[in-house]
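Let's take a friendly walk through this model together.

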Amino acid sequence: SRRLPLCSLDDEAATTIGEAIAQDEIVTRIEIVDHRGKIYFTRDKGRQLAFEVAATVHHEDRPIGQVRLGINGEPRRRFLGTIAAVAGVSGVLVIALQLLLIGPLLRRQLRAPFAALDTTIRSYQAGRYDVERPRIPFSEFVPITDVLQQMGRTVELQINELRAAEEKYRR
């Protein structure tokens with residue numbers, strides 16, 4: 001208890017308590033000192049400190065000593081490293097799954113629009129320029145279908161003008 005006066009402890013009891021606390025992995029330094037500055041117990045594991053905590057021990061509202069703990073940051077760093085590794089692996093898995101799923105889904109979704117465009121282009125290739133504008137449900141294809149339809153009209157108009165000019169020339 002924090003209310004137990006340190007003066008009632010002997011060196012062996014202070015050592016036992018200090019040893020017990022020092023066994024904790026996060027404690028890198030511990031020091032138990034009475035109000036006169038006599039050190040009852042000290043242990044320094046020599047590890048890097050993340051921070052140090054000091055608490056005054058009181059008995060009947062009078063300070064009778066102090067306990068200082070040095071806290072090791074290594075467990076926290078290991079934990080954060082583990083979290084970062086898990087997050088990284090999870091991120092890679094999510095991206096891989098997206099790539100694996102998006103490819104087939106995109107192919108499936110885009111098969112019909114590209115087939116419609118292909119039909120229009122093959123009609124032009126066969127000399128049929130009066131093909132109706134392909135009906136594609138995706139707005140991203142509207143500029144392409146507009147250009148194809150305009151191109152078909154332009155080619156058809158030019159062919160008709162050439163035929164008219166040829167007819168005129170033959171007369």
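This is a predicted model: local features need pLDDT of at least 70, side-chain atom pairs count only at pLDDT 80 or more; totals for chains, interfaces and linings use all residues.

Residues are numbered from 1 along each chain as its sequence is written, and side-chain values use heavy atoms, with hydrogens and water left out.

Arg78 has a charged partner: its side chain meets that of Glu25 in a salt bridge, 2.1 Å from N to O. The term stands for a side-chain nitrogen of Lys or Arg within 4 Å of a carboxyl oxygen of Asp or Glu. Glu25 lies in the loop between H1 and S1 and Arg78 in helix H2, so this pair ties together parts that are 53 residues apart in sequence. Helices (H or I, at least four residues) and strands (E, at least two) are DSSP runs, numbered from the N terminus.

Another of them joins Arg29 to Glu52, with the closest N and O atoms 3.1 Å apart. Arg29 is partly exposed at 29%, and Glu52 is partly exposed at 44%. Asp44 joins Arg29 and Glu52 in a network of salt bridges.

Now turn to the sheet. Its 4 strands are arranged in the order S2-S1-S4-S3, as an open sheet with antiparallel pairing; two strands pair if DSSP finds at least two bridges between them. Strands S2 (39-44) and S3 (49-59) stand at the edges with a single partner strand each, so one side of each has no neighbour in the sheet. On average, neighbouring strands are turned by 15° against each other, direction ignored. Between S1 (residues 27-34) and S4 (residues 62-72) there are 7 bridges, and Asp34 has Gly65 as its bridge partner in S4. Asp34 is buried at 5% relative accessibility, yet its side chain forms a salt bridge with that of Arg36 (3.3 Å, N to O), a residue that is exposed at 64%.

Also in strand S1 is Thr28, buried with a relative accessible area of 1%. Leaving aside residues up to four places away in sequence, Thr28 touches several residues, including Arg43, Asp44, Leu49 and Ile71, where contact means heavy atoms within 4.5 Å.

Finally, look for the rings. The structure holds 3 aromatic pairs, meaning rings of Phe, Tyr and Trp (its six-membered ring) with centres within 6.5 Å; planes under 30 degrees apart count as stacked, over 60 as edge-to-face and the rest as tilted. Phe114 and Phe141 make an edge-to-face pair, 5.4 Å centre to centre with 85° between the planes. Phe114 lies in helix H2 (residues 74-125) and Phe141 in the loop between H2 and helix H3 (142-170), so the pair ties together parts 27 residues apart in sequence. Phe114 is partly exposed at 46%, whereas Phe141 is buried at 8%. Together with Phe138, these two residues form one aromatic cluster.

Notes. Buried means under 20% relative accessible area, exposed over 50%, partly exposed in between (1.4 Å probe, protein chains only). Axes are lines fitted to C-alpha atoms, for helices over the stretch in contact, and angles run from 0 to 180 degrees between N-to-C directions.
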